[in-house]
Amino acid sequence: MLPNISLATGLLLQNRQDIAIKQIPETVITALYEGDGNHFMMESVDMADIESTYFYDAPLIPQLNAIMFEAVTSTRARLSGTMRAFIRSLNQSLSGTGITAGNDTAGETDDGSTAMGGANIGRARKVQGLAVMPAIIPLSDGQTVTLVFHSPTGNTATIVATDTLVAFQFLLNKKDVTHVVSPANGRDVSLKVVTTALSNLIERNTAKFQKVQARQQAIKAEIANMQEEGDKLEGQQATLAEQGDALNAAIKTDSDILSELTDKANTQEDLNAELQIQIDNAKKKKADSDNAQIADRKNRSDALTAIQAKSGYKDTFVANWAFNQKISTADLVDLASRLDAVDVSDLKDLIMYKGQVSDLSDIPALKARNTVQKPESDPGPRTLYWYGLRARPAGVGAIPKDPAPVVTATPDEAANIPVVKTKGFDPSCYRYGAVGYTSPLDISDVAQYELWDFQKKQTPASYNALLNDLIPLIKAYPGDENQFYLDYLANDAPKADDLPQSMKDAGGFQAIRQAMGSKITLTFIDFFKQAKKEFPVPENTAGDETGKLVAGDHDKTVLSEGDTVPLETIQTGAMMPTIAKGATGGDNPIWYTQSTLNDIVAAAKFKINGQPATGAPEFAEQRYQMVKAALAAGFGLQRFKISGLQYIYVLRKDDDILTAQGAAKFTPAAETPPVDNAPPAGDGDPAASGNNGYVSVKPSSSEAGSIADQVSALGISGGVAPGDLHVTLMYSKGSRINTQPEPERTYKARLTGEYKIIGNAPYEALVALLESSDLKARFDELSAAGGEHSYPEYLPHLSLKYSATQDDLDLITAKGLSITSLTLSGETFKAIEDKPAGTTPEKKQVVPDNELDSFSKAAYQLANLTGISEEGLSRWADNQNVSSDDLLEMANKLASNSSPDNIQLVKNAFDFGSPFPTLKEAEPVKQQVDTDAQKAIDYLKQVSQLDTSDIVEIRAERGNVRQAITALTSAGIYDENEDLVNAAAQRLSDLLAAVAQKGAA
């Protein structure tokens, strides 16, 4: 390609005034497309083409290449600038053609050339004794312009940094167009002349070039397709050849092949027909099965409904029996079809004792199989510890397995057990009989299996016997009942060893007190005073033939028709003992109360400095005397559930319930009995007085903890604490709700996945919206009971954070909560705080006298520290089986370390019904503690002189007194300042009493 390279053919491009530009003759243009190289104008080049074709095998000169690389590097700015100027001039000449020259890359390229100034600079080679170097300029339409340089100023075999590079040859695509660029072969050719000539060639050639390139691309694509097709055909040919070989190897005659194929077709048709029959049979079987399942489910459901209605058990209880005992639908349907002939008691025993339908024919045998069997022979004389089966018959899972029971008794047999007969236990204590052990059961087993401990439990009769055994000591004792109590009956009493053996066997007076409640202490006080009188015997007190005192003679009261009603006429068929709500109204309602026996006694007997603590002392005393008389006559205070209220207590004797008419006969000097069908003012029940319009329920502790954790994990700080999460049922700001809360009622709710911010500043709340037919139904009940919701509509929601922001809403909306449903309970009624002062009477805080028992003192101390009502503390203690000593220990622990965190821990335990928590260790802050204690003393002195009738102020001072008690306790100086605390509490109680009397007037 470069056969005549010489210095004479070089072109020196100089930047000077352009000479006249001449048009390229048409003949010259035409000649470029003629001859052997006519196609070169249509083929662009790259550096590989130049090096392998135009330079052929011209060797690289290592030294020359290295020198050139150094020259390019060291003179990069000049060489790059020269090429950039050339390309800029070329682009000016190409202006208006739509074609541009050059590239915008720099550095090494994939083909080994160096990109600079818009061109790709090739490596230096020695060709015909000269060092030459190519430079390719790419064009935007795909064409290329190539310049071949040599240096005329230096050594012909080398190129150094100072040498001048001269372009002596020009190529458009693969065509040498040097003679066109410089037709006169002159050395002094201006840059403009060269670029103009090149642009003319480029512009004239671009259309042909594009057309040829398109055709070449099409041809290449077609060739590629043909090549691919050829490869496929070649593969098919090979496959066919192989198949042909296989066919040739196993060739048969046409008749044989036809015969074989016919046989196969016939076989396939037979197989298809058989398969179709199987498919049809399977479809029919499935349809029959589906219909049978539907019919079976309906028959089973109808049968269970009929059995449930007959037995009176809950539907879930009956369904679980049928499922767990694997009772077939056929047996259930059979049983349902003959229910008219089945005795209700037998049906109940069948379900209770987990029998099969066939066991109806022999219920005694069923009971025997599921009852702990008596030993075949008496093991000999031994002491047995008896426990009443009051919840369920003896059987697997109904009684403890370790130690093993040795004997069981039927209810009739249990009634004749000596300890039962002596103490006179009510049959409800051994409704399903009794079970005997050779060693006493652990108290936790007794509680877990709902047994009745005949050894530890006492009755009025057994308690009277124990008190009678104290008469010799009482007669000989010189002091009063309080001193006797401290000497003989209190915890760690110094003379406890002198008690009668019967009292010691019962575990001491405190064990009896724990079993029977605080009323025992008050009963003892009455008994002590009565015993001291000796003669004359009080009019309402009789003596037996031994001269022993008994609790009273009210059992001689004559009751007539209407004084009691049979329990079976007012009791519903629910699993839990439940009385129909209608029994509490009408012409002759039953007598009932919502106060426990402890509350009845405390309301009548607790005093502050000799004055009644209750705001209604006459009512409290009258109710106490009436209940006391009824108990002495053989009635017992029993708790029942009732629709519309949570629980009520009624007076029951055998299977009769005392009515309000009958209660009047036990009421001394009163025409009507003290019926507290609504709890009396002072019991702390917002439903009893004033506004009670805020009604709410809470999720379970596990659900509340999970929700709080998820809210925090989303990055939302300051969320509602688990113990404070709630759902509002009613917000009746201006109207009282005339019904009672139902704490144990449960409500199911579903989280909709929608979150909102509701309310106005500063009470914006982030809430999760809920769907619940249970909540809506309860809302309707509360509305029917007088509640008037303070908002246009009831929108069930769970409040997650107060003072919420849009960022909080965005965070929870983006991911949401994973929990999808809630079980809500613990319904409470509360007064709405912004009611006018005095409309919500506040329960007076009871300050126990020195003679009161440790349980009351502990409850009082915990109430002062936590703000929880004593009634609530008593319920918690009962549910947790906490003794008086344990409760007092808890109170002392909290008093000695009553930090806000510890108080909150204890309040959470009470709210959620969990055990007493482990308290956090207090940090040493003695100096601050002493300061707070001194402030508390100064404050308590001021409170003793307080004179106000503003109930709001009095309430605030009560809270401050509690804080003062906490400060004194923390400093360890409560005992020496107890009189000061009592004086302050007494002053506030007097002020409250004055306000109450003024309001009553």
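# Exercises on a predicted model

Glu 771 has a relative accessibility of 45%, so it counts as partly exposed. Keep in mind that everything here comes from a predicted model. Let's see what Glu 771 is up to.

**Exercise 1.** Find out which side chain Glu 771 meets in a salt bridge.

*Solution.* Step one: look for the partner. The side chain of Glu 771 meets that of Arg 750, with 2.6 Å from N to O. Glu 771 belongs to strand E26 (residues 765–771) and Arg 750 to strand E25 (residues 747–758); at 21 residues apart, the pair links distant parts of the chain. Step three: check the partner's surroundings.

**Exercise 2.** Work out which parts of the chain the salt bridge between Asp 947 and Arg 987 ties together.

*Solution.* Start with the contact itself: the two side chains of Asp 947 and Arg 987 come to 3.8 Å, N to O. Next, locate them. Asp 947 sits in the loop between helix H32 (926–943) and helix H33 (951–971), while Arg 987 is in helix H34 (residues 978–1000), so the bridge joins parts that are 40 residues apart in sequence. Last, compare accessibilities. Asp 947, at 65%, is exposed, and Arg 987, at 25%, is partly exposed.

**Exercise 3.** Describe how helices H8 and H10 pack.

*Solution.* First get the geometry: H8 and H10 (residues 344–352) have axes 9 Å apart, at an angle of about 60 degrees. Now sort that angle. Because roughly parallel needs an angle under 35 degrees and roughly perpendicular starts at 65, H8 and H10 come out as oblique to each other. Then list who touches whom: Phe 317, Val 318 and Trp 321 of H8 meet Leu 350, Ile 351 and Met 352 of H10. Finally, sort the contact by class: six nonpolar residues, no polar ones and no charged ones.

**Exercise 4.** Two residues have a positive phi although they are not glycines; find where Lys 326 and Ser 803 sit.

*Solution.* Here's the background: most residues other than glycine have a negative phi. Lys 326 has a positive phi of about 55 degrees. Lys 326 is in the loop between helix H8 (315–324) and helix H9 (329–337). With 70% relative accessibility, Lys 326 is exposed. Now turn to Ser 803, which also has a positive phi of about 55 degrees. The loop holding Ser 803 runs between strand E27 (797–802) and helix H27 (806–815). At a relative accessible area of 45%, Ser 803 is partly exposed.

**Exercise 5.** Count the aromatic pairs, then sort the ones formed by Tyr 430 with Phe 454 and by Phe 484 with Phe 528.

*Solution.* The whole structure has 11 aromatic pairs. Take Tyr 430 and Phe 454: their ring centres are 6.3 Å apart and the planes make 70 degrees, an edge-to-face pair. Tyr 430 lies in the loop between helix H13 (418–423) and strand E13 (434–437), and Phe 454 in the loop between strand E14 (451–453) and helix H15 (460–468), 24 residues apart. Tyr 430 is buried at 7%, and Phe 454 is buried at 0%.

Next come Phe 484 and Phe 528, with 5.5 Å between centres and 50 degrees between planes, a tilted pair. Phe 484 is in helix H17 (residues 481–489) and Phe 528 in helix H20 (residues 519–533), 44 residues apart. Phe 484, at 0% relative accessibility, is buried, and Phe 528, at 2%, is buried. To finish, widen the view: ring pairs link Tyr 477, Phe 484, Tyr 488 and Phe 528 into a cluster.

Technical notes
Residues numbered from 1 in each chain as written. Predicted model: local features only at pLDDT ≥ 70, side-chain atom pairs only at ≥ 80, totals over all residues. Heavy atoms only, no water. Helix = DSSP H or I, 4+ residues; strand = E, 2+ residues; numbered from the N terminus. Buried < 20%, exposed > 50% of the residue type's maximum accessible area, 1.4 Å probe, protein only. Axes fitted to C-alpha atoms, helices over the stretch in contact; angles between N-to-C directions. Parallel < 35°, antiparallel > 145°, perpendicular 65-115°, else oblique. Contact = heavy atoms within 4.5 Å. Nonpolar A, V, L, I, M, F, W, Y, C, P; charged D, E, K, R; others polar. Salt bridge = Lys/Arg side-chain N within 4 Å of Asp/Glu carboxyl O. Phe/Tyr/Trp six-rings, centres within 6.5 Å; stacked < 30°, edge-to-face > 60°.
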